[in-house]
Amino acid sequence: MDQADSPGESARRVLRGTDRAALATAQRDESGWPYPSLVLTALDHDGTPLLLISRLADHTKNILADSRIGLLFDGTAGLAQPLAGARVSVLGRAVPTDEPRHRERYLARHPDAAQYAAFGDFAFHKVEVERAHLVAGFGRIRWIDAADLLLPAVPGDLAAREAELVRTMNDQESDAVQLFAGVLLGLPGDGGWAVTGIDPDGVDLRRGGMVGRLDFDHRVHDGEGAKAELIRLAVRARRRRQDAAGVGSSPTHS
């Protein structure tokens, strides 16, 4: 985690870097016991968490009775000392949404969800965040207001051009996408990676059950800004590949 990030930026980075969370709801009976479950997540451009949940599920029945929820986003995967890693608890209210962008972003992040998203008992929800709790390692613990966690607005031009930019990356710049994963992120880079989303902070990648997150150097506010950042990342990835290929080589002599 970048030490220069504000607590809100650090927390949003954790949210954007994972595709699932532990969901806590209150049992809809007199006991009110906390009920934990697992949900798949996506984020809107401003960082608002998005869910697709079934009315048949206990957690959804709990939400219908009390919309207050907690979401734990775990950014500690793969660490030898998980408690030294970053995780974020988000508190807010889960409310239904019929915003087309929310559906599109969620299904792009989770393509397999399309097979049941049309079922009558499933509905998309957004989380109206009230505050969040960041634990970014030992001694780095902060409560964060919603205004500091989320971006101030969804950039209209970027949201409108996102699908076009994603198609361009996957159809015309697939080689760069593989380098994003393999060279810049150190993920298995033998093909199959695709861009699933582009937001003001960076790029979402997926290959099967694996996801990757590549941050921009600078936050963008429109489609042209995102395009410029993507080009910058592609140039960087190709240079690193060239540098790596040159390591250990020596000139030949005739």
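How do the residues lining the largest pocket divide into nonpolar, polar and charged? They split into ten nonpolar, five polar and seven charged. Please keep in mind that this is a predicted model.

**The largest pocket**

- The volume of the largest pocket is about 620 Å³.
- A total of 22 residues line the largest pocket, and Arg13, Val14, Gly17, Thr18 and Gly75 are the closest to its centre.
- Helix H1 (7-16) and strand S11 (210-215) are the elements that give two or more residues to this lining.
- S11 gives the most, with four residues in the lining of the largest pocket.

**The second largest pocket**

- The second largest pocket holds about 310 Å³ of space.
- Its lining is made of 14 residues, and those nearest the centre are Asp5, Arg13, Asp201, Asp215 and Phe216.
- H1 and S11 are again the names to look for, as the elements that give two or more residues to the lining of the second largest pocket.
- Here H1 has the largest share, with four residues.
- Sorted by class, the lining of the second largest pocket has eleven charged residues, two nonpolar and one polar.

**The cavity**

- There is one cavity of 30 Å³ or more in the structure, and the volume of the largest cavity is about 120 Å³.
- Of the 14 residues around the largest cavity, Ala42, Leu43, Arg105, Arg109 and Asp204 lie nearest its centre.
- Two or more lining residues come from each of H1, strand S3 (42-43), helix H3 (100-109) and strand S9 (194-199).
- The lining of the largest cavity comprises seven charged, four nonpolar and three polar residues.

**Helices H7 and H8**

- Helix H7 (residues 174-184) and helix H8 (residues 223-246) have axes that come within 9 Å and cross at roughly 60 degrees.
- H7 and H8 are therefore oblique to each other, and H7 passes H8 in a left-handed crossing.
- On the H7 side, the contact is made by Asp175, Ala176, Leu179, Phe180, Val183 and Leu184.
- On the H8 side, the contact residues are Leu230, Leu233, Ala234, Arg236, Ala237, Arg238, Arg240 and Arg241.
- By class, the contact of H7 with H8 has nine nonpolar and five charged residues, with no polar ones.

How values were computed: Residues are numbered from 1 along each chain as its sequence is written. This is a predicted model: local features need pLDDT of at least 70, side-chain atom pairs count only at pLDDT 80 or more; totals for chains, interfaces and linings use all residues. Side-chain values use heavy atoms; hydrogens and water are left out. On a 1 Å grid over the protein atoms alone, a cavity is a set of points where a 1.4 Å probe fits but cannot get out, and a pocket is an open set with protein on both sides within 12 Å along at least five of seven lines; lining residues have an atom within 4 Å of a point. Grid points are joined across faces, edges and corners, and a volume is the space filled by probe spheres set on the points. Ala, Val, Leu, Ile, Met, Phe, Trp, Tyr, Cys and Pro count as nonpolar, Asp, Glu, Lys and Arg as charged, and the others, Gly among them, as polar. Axes are lines fitted to C-alpha atoms, for helices over the stretch in contact, and angles run from 0 to 180 degrees between N-to-C directions. Angles under 35 degrees count as roughly parallel, over 145 as roughly antiparallel, 65 to 115 as roughly perpendicular and the rest as oblique. A crossing is left-handed if the near helix is turned anticlockwise from the far one by less than a right angle, and right-handed if clockwise. Contact means heavy atoms within 4.5 Å.
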